[in-house]
Each structure stands twice: as C-alpha cells, then as structure tokens.
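Got the viewer open and the cartoon showing? Let's take a short walk through this one, selecting as we go.

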Amino acid sequence: MTATEWTYLIFLIVLVIAIIFDLGLLSKRERSISIRHAFYQTLFWVALAFAFFVFVWIEDGEVTSLEYMSAYLMEWGLSIDNIFVFILIFSYFNIPAIHVNRVLLLGILLAILLRVLFITVGIALVNEFYWILYIFGALLVYTGIKMFFVDTEEDFDPQKNTVYKILKRIIPISHDHTTGRFTQWINGKKHYTLLFVVMIMLAATDILFAFDSIPAVFAITQDKMVIYTSNIFAVLGLRSLFFLLKNSVEKFKYLKEGIAVILVFIGVKMLIEIFGIHLHIAISLLVIVACLAGAVLFSIFKNKQTI
C-alpha cells in the first residue's frame, strides 16, 4: 500500500472508532449536554485532529501535514461562524434542550454526506478546469469583504429561509417539537415535525457555508486526502462546539472579522498564483492561526472592557 492509501485506511479506522466512542460513551440520546461535557467532547475531537496531523507528518511528510493542519484550522474557524446560525435556528423553533443533541447529531451526519459529495464534485471540476480556482479566489475575496462589514447573523431569519419555505411547500409540517419524533400522524395524514425541519435546515446551512469553506481549502491544497480529512474532522467537532458556545455567542463576536480576513487572504493567495507567485504553506498556517487567535483574544479584551 502507498503512503496515501495507508493514511486513508488509518483515517477511516480512527473515524469509526471515534464516532462509536463519542456517540456510545460520551452521548446519550435524550440528554442536554452541559458546558463541561461539551468541553471534554471538543477537546476529544481537537486532540484527535492534532494526533492525525502527527500521523500525516510521519506518513506523508511535512508539506502534506502542514496543508492538513492549515485546512483543518480554517474549516474549524469557519465552523464556529456556522454554529452561530445553528443557535439562531434552534432558538427560533424553540427546540427543547433534551432533543437538541439528537437533532444536531443527525443534521451534522447528513451534512457530512453532502459535503463529501460536494467535495467530490469540486475535485472533479478543478481537475477538469483548473482555471476555476481563480474564480473561487475572486469569490472568496468578495465573501470575506462582505462578511467583514455585514452582520449576516443579525439578518438571518429562519422564517424567511429558502429551505424552510421549500419544505413548507412540499411536505405537511406539524409544529410539534416536544415528542422527540420526526413524523406525526394527524387525521390519518403523515406530517413532519419541527425536529425534522430543523435537522434538514442544519444540513442545508452547513452546505451553504461549504460554498465558502470548500473553495477556500482548494487554495491551500488540491490533495484529495487532505481536503476530505480536514473537512470531516472539522464538521464532526461541530456538535460539541455548539453546546460549548451556545451561551457564549457574544463573547466571541469579533471572530467573524478574523474569519473574514482569512477568506480574503486565501482568495488573494489563489489569485496571485496567476502571476506565478506561490506562498509557502507555512505562511498560510501562520496567517490562519494569527487571525483566529487574534480575533478570540480581541473579543475577550473587548468583553472585559464592557464589564
């Protein structure tokens, strides 16, 4: 087996074991997750992602491992911005805390399947039309600038969400959200509960964010293994991050600006390659770490000033 094949095999084995461990030992179906519990789960997924980085370094070399870590940290940062919208969705539909864990889990697993499909299509497009990377770069610069100046979370209204509007048109929806079921029979007709609606909206929201994050990862690497593994590790950590951050949204309100700078940087990095300028992957990693850490520290500093 080649080094890449070994990496894929180890990743799949670790992934299956980790999911079983996370779902079987760290989670129960109908239970609200405490902040302490969420912290340990988040630590578990982050530690696993970093352990995989060490394995990739040993098995595939320095450049590939740095590409993986850069892609993972960027996706992880973008995932946090994603979580803020998740929080708005759950709050709007008033989903009871005991059901949030299961709905979030199923929504994220569905999102992973859709992301794998989306990444596969993206890889095929880049392989066939390499110039599409420059279009991705321009879109990322535009998205980053827009994100920096526009508060998308403030403007987000689940009632006006396109996915929610489509669901209301094609399926009968019951406004039940207390039984824990995804379907309900009313007057002999099958209806779908708000839990089902929220699950679909979570997956759709993640895919919407993927339109930014997946093109961005192509600026870091075109290695399929790195793209798949970094995305999956980042998305799998979403559930624990949700419970860790759901009461702390305001504490990290400047994180969005840090992510916006990363998107602009990645977009520019893509575009300057037209002129034969190639930045070393270590520079990308340093910029991503500096932006994320700087945004978090600045948020904490500003919070202390307002106390």
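This is a predicted model: local features need pLDDT of at least 70, side-chain atom pairs count only at pLDDT 80 or more; totals for chains, interfaces and linings use all residues.

Is the crossing of helix 4 and helix 8 left-handed or right-handed? Residues are numbered from 1 along each chain as its sequence is written, and side-chain values use heavy atoms, with hydrogens and water left out.

**Stop one: the crossing.** Select 97-128 for helix 4 and 194-220 for helix 8. (Helices are DSSP runs of H or I, at least four residues, numbered from the N terminus.) The crossing is right-handed, that is, the near helix is turned clockwise from the far one. The two axes come within 8 Å and cross at roughly 35°; axes here are lines fitted to C-alpha atoms over the stretch in contact, with angles from 0 to 180 degrees between N-to-C directions. Colour the contact residues by type and you get 21 nonpolar, 4 polar and 3 charged. (Ala, Val, Leu, Ile, Met, Phe, Trp, Tyr, Cys and Pro count as nonpolar, Asp, Glu, Lys and Arg as charged, the others, Gly among them, as polar.)

Leu-117 counts as exposed because its relative accessible area is 54% (exposed is over 50%, buried under 20%, partly exposed in between, with a 1.4 Å probe and protein chains only). Which helix gives the most to it? Helix 4, with 3 residues; helix 5 (132-149) also supplies at least two.

**Stop three: salt bridges.** How many are there in the whole structure? A search finds 3, each a side-chain nitrogen of Lys or Arg within 4 Å of a carboxyl oxygen of Asp or Glu. Glu-75 is in helix 3 (residues 62-93) and Arg-115 in helix 4, 40 residues apart, and both are buried. Next, jump to Lys-256 and Glu-257, whose closest N and O atoms are 3.8 Å apart. Lys-256 counts as buried because its relative accessibility is 8%. Finish at Glu-273 and Lys-269, another salt bridge at 3.8 Å, with both partners buried.
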